[in-house]
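Dear colleague,

Please look through the sequence and the coordinates below before reading the notes that come after them.

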Amino acid sequence: MSTTVAAPDLARVPASRTAVPAHPTFTGILRGEWIKLLSLRSTWWVLAATVALITGVSLAVAFSLDATAADPATASGPATANGAELVSGGFQLGMLTIAVLGALLITGEYSTGMIRSTLAAVPTRVPVLAAKAIALTALTVAVAAVSIALSCLVTAPQLAKHDLVPALDEVTTWQVFGGTVYFLVAAALFSLGVGALLRSSAAAITVALTVLLLLPGVLSFIDLDWVQQIVHYLPLPASGAFLGGSGDSLSSAGGELTPATGLLVIGAYAVVPLVAGAVALRRRDA
């Protein structure tokens with residue numbers, strides 16, 4: 001008895017597929033980082049806190065003008081104040097909340113372990129940090145613009161009583177507003193770079209808040225010439241060299257710097273940690 005073996009129907013056998021390595025484009029990486037940034041609940045809380053702090057401080061400063069004008073010892077205060085500086089006076093606290101967002105953007109992935117999947121999808125790694133920086137910059141610019149616009153709106157009635165409404169046709173007004181946005185972006189990128197270096201949310205936030213706000217206040221009590229020279233080149237005093245200080249003692253400490261030098265110093269605080277973070281991200285294991 002012969003056994004007949006049916007030949008396989010070659011037409012029905014699926015052809016083997018050749019594996020095609022995936023090469024993610026930078027546009028795709030950027031889209032992914034943007035989605036991750038906006039999908040975090042902490043992002044919206046931080047953004048809301050930033051707008052509330054900047055607007056709230058500006059409104060409080062505007063209402064304090066009545067008391068300043070009524071005090072004979074400070075009667076000249078409102079007359080010499082700058083409306084744009086008063087409107088953006090809350091940027092120092094807003095800078096801190098934005099710094100928290102910058103740190104959490106990358107340290108959050110290390111805490112959850114998601115960074116392994118991210119770096120596995122993008123083996124070159126550096127584009128991931130670049131995409132995070134671009135997404136963070138765009139979001140910071142947007143929230144800074146909203147904060148300034150809202151501050152102008154809510155303080156306008158009070159500032160009008162003292163003839164301090166910022167004039168939109170003056171260069172000084174746009175210098176202050178533009179500088180405020182610039183410094184908020186620099187604070188966010190500084191924290192992002194520190195977060196890439198330290199990989200810990202607590203450590204990165206602590207370093208960011210110390211350098212951005214606490215350190216100038218602590219060092220200002222040390223009456224040594226070389227220490228005071230260091231204070232001039234810290235972020236908050238350096239911002240005062242461009243913004244005019246808004247009457248704040250810490251911001252005014254950068255008065256010895258030129259506006260251009262203040263911009264360069266702040267830019268260095270954003271770029272140097274990012275470059276160092278990119279090198280660390282490239283060399284160290286996830």
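Predicted model: local features only at pLDDT ≥ 70, side-chain atom pairs only at ≥ 80, totals over all residues.

The chain contains 13 helices and 0 strands, so the order of elements from the N terminus on is α-α-α-α-α-α-α-α-α-α-α-α-α. Of its 286 residues, 41% count as buried. Among the contacts in the chain with a separation of 6 or more, 78% are between residues 24 or more positions apart. The chain exposes about 14,800 Å², and carbon and sulfur atoms supply 68% of that area.

Helix α8 covers residues 171–198 and has 28 residues. From its first C-alpha to its last, α8 reaches 40 Å, which is close to the 40 Å expected at 1.5 Å a residue. Of the 28 residues of α8, 20 are buried, so this helix is largely enclosed by the rest of the structure. Arg199 follows α8 and has a positive phi, near 65 degrees.

Helix α11 (residues 235–243) is likewise largely enclosed by the rest of the structure, because 9 of its 9 residues are buried. The buried residues of α11 include Pro235, Pro237, Gly240 and Phe242. Leu236, Ala238, Ser239, Ala241 and Leu243 are also buried in α11.

On the surface, Ile222, Leu224, Trp226 and Ile230 form a nonpolar patch. Together these four residues have about 390 Å² of accessible area. One of them, Ile230, lies in helix α10, which covers residues 225–232.

The next topic is charge pairing. A search of the whole structure finds 4 salt bridges, and the following paragraphs take up some of them.

Which residue forms a salt bridge with Glu33? The partner is Lys36, with the closest N and O atoms 2.9 Å apart. Both residues lie in helix α1 (residues 26–39), where they are 3 residues apart, about one turn of the helix. An α-helix has 3.6 residues a turn, so residues three or four places apart point the same way. Glu33 is buried, with a relative accessible area of 3%, whereas Lys36 counts as partly exposed at 22% relative accessibility.

Lys36 also meets Glu109 in a salt bridge, at 3.0 Å from N to O. Because Lys36 lies in helix α1 and Glu109 in helix α5 (residues 91–112), this pair ties together parts that are 73 residues apart in sequence. Glu109 counts as buried, at 6% relative accessibility.

The side chain of Glu109 meets that of Lys132 in a further salt bridge, at 2.3 Å from N to O. Lys132 lies in helix α7 (residues 126–161) and Glu109 in α5, so the pair ties together parts that are 23 residues apart in sequence. Lys132 counts as buried, with a relative accessibility of 1%. Through shared partners, the salt bridges join Glu33, Lys36, Glu109 and Lys132 into one network.

With kind regards

Note on methods:
Residues numbered from 1 in each chain as written. Heavy atoms only, no water. Helix = DSSP H or I, 4+ residues; strand = E, 2+ residues; numbered from the N terminus. Buried < 20%, exposed > 50% of the residue type's maximum accessible area, 1.4 Å probe, protein only. Contact = heavy atoms within 4.5 Å. Areas by Shrake-Rupley, 256 points an atom, 1.4 Å probe, with all protein chains shown as cover. Patch = residues over 30% accessible without salt bridge, like charges linked within 9 Å, V, L, I, M, F, W, Y side chains within 5 Å. Expected span 1.5 Å × (residues − 1).
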